Amino acid sequence: MRAGIQPLILIVEDETDLVTLLTYNLEKEGFRTLASYDGDDALLIAAEQRPDLILLDWMLPQRSGLEVCRQLRRNAKTRDLPIIMLTARGEEADRVRGLDSGADDYVCKPFSTSELLARIRAVLRRVSPRVTDEVLGYGDVEMDLAAHRVRRAGQDIHLGPTEFRLLRHFMQHPGRVFSREQLLDVVWGHDVYVEPRTVDVHIRRLRKALNGNQETDMPDLIRTVRSAGYALDASAPSHAA
Ligand code: CA
């Protein structure tokens, strides 16, 4: 969130009554808004305007909200924009699909304005200080960026520079799934050619450093999402490194 400027929210929803209602309520609370009624338009607006947050309806004509979400995450210009999915689907499996596709949060219809505002504020708070905070925390992991120190459950953890950058990126976006290609871009940079397989090697090292040996029996914090990538997720079922 840019200091001193009211956050800009992009509303992507084909039901015009709901757009009107959301626009009214968000502007009343001091947000600026933009509206888009289909996915293709939303992708263009998001890339051009770079809103502070996107409210994205799941059920859209042509492209589904889920597909729009994936597209937003694939484009370098929109990949970091916070997304809250709006949907009538309340099933656990759908919730997981929404979050796996890159959404930061999820609100089920019908929702109250106060609930939606609370979610928006929480996501904005989570996203903006995370990028600048010197100390990041997730579960029992603490990462001091200035001191270049990582601790888990109070124990120092030694990481190589690549594993440090990987963990920092995960800690800045907990729960979000990143593909190997996205991690390559973020951690190694666009100009360097590194094989996607290299990411697996460093993830393995990071896991080993974080989880310790089997005797310590620490829950695995890194979730492998088959054919998709990796996420920092304390609720993940453990996987052998
Ligand atoms: Ca809709």
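**Exercise 1. Decide whether Glu-13 is buried or exposed.**

Solution. Glu-13 has 0% relative accessibility, so Glu-13 counts as buried. Buried means under 20% relative accessible area, exposed over 50%, and partly exposed in between (1.4 Å probe, protein chains only). The model is predicted: local features need pLDDT of at least 70, side-chain atom pairs count only at pLDDT 80 or more, and totals for chains, interfaces and linings use all residues. Residues are numbered from 1 along each chain as its sequence is written, and side-chain values use heavy atoms, with hydrogens and water left out.

**Exercise 2. Find the protein donors of the calcium ion.**

Solution. Donors are N, O and S atoms within 2.8 Å of the metal (3.2 Å for Na, K and Ca); water is not among the atoms, so sites may look incomplete. Step one: list them. They are Glu-13 (OE), Asp-14 (OD), Glu-15 (OE), Asp-57 (OD) and Met-59 (O), 2.1 to 3.2 Å from the ion. Step two: read the spacing, E-D-E-x41-D-x1-M. Glu-13 sits in the loop between β1 (8-12) and α1 (16-28), and Met-59 in the loop between β3 (53-57) and α3 (65-74), 46 residues apart. Helices (H or I, at least four residues) and strands (E, at least two) are DSSP runs, numbered from the N terminus. Step four: check Met-59. At 49% relative accessibility, Met-59 counts as partly exposed.

**Exercise 3. Name the buried residues of helix α2 (residues 39-49).**

Solution. They are Gly-39, Ala-42, Leu-43, Ile-45, Ala-46 and Ala-47. Their cover includes β1, β2 (32-36), β3 and α3. Just after α2, Arg-50 takes a positive phi of about 45°.

How values were computed:
Contact means heavy atoms within 4.5 Å.
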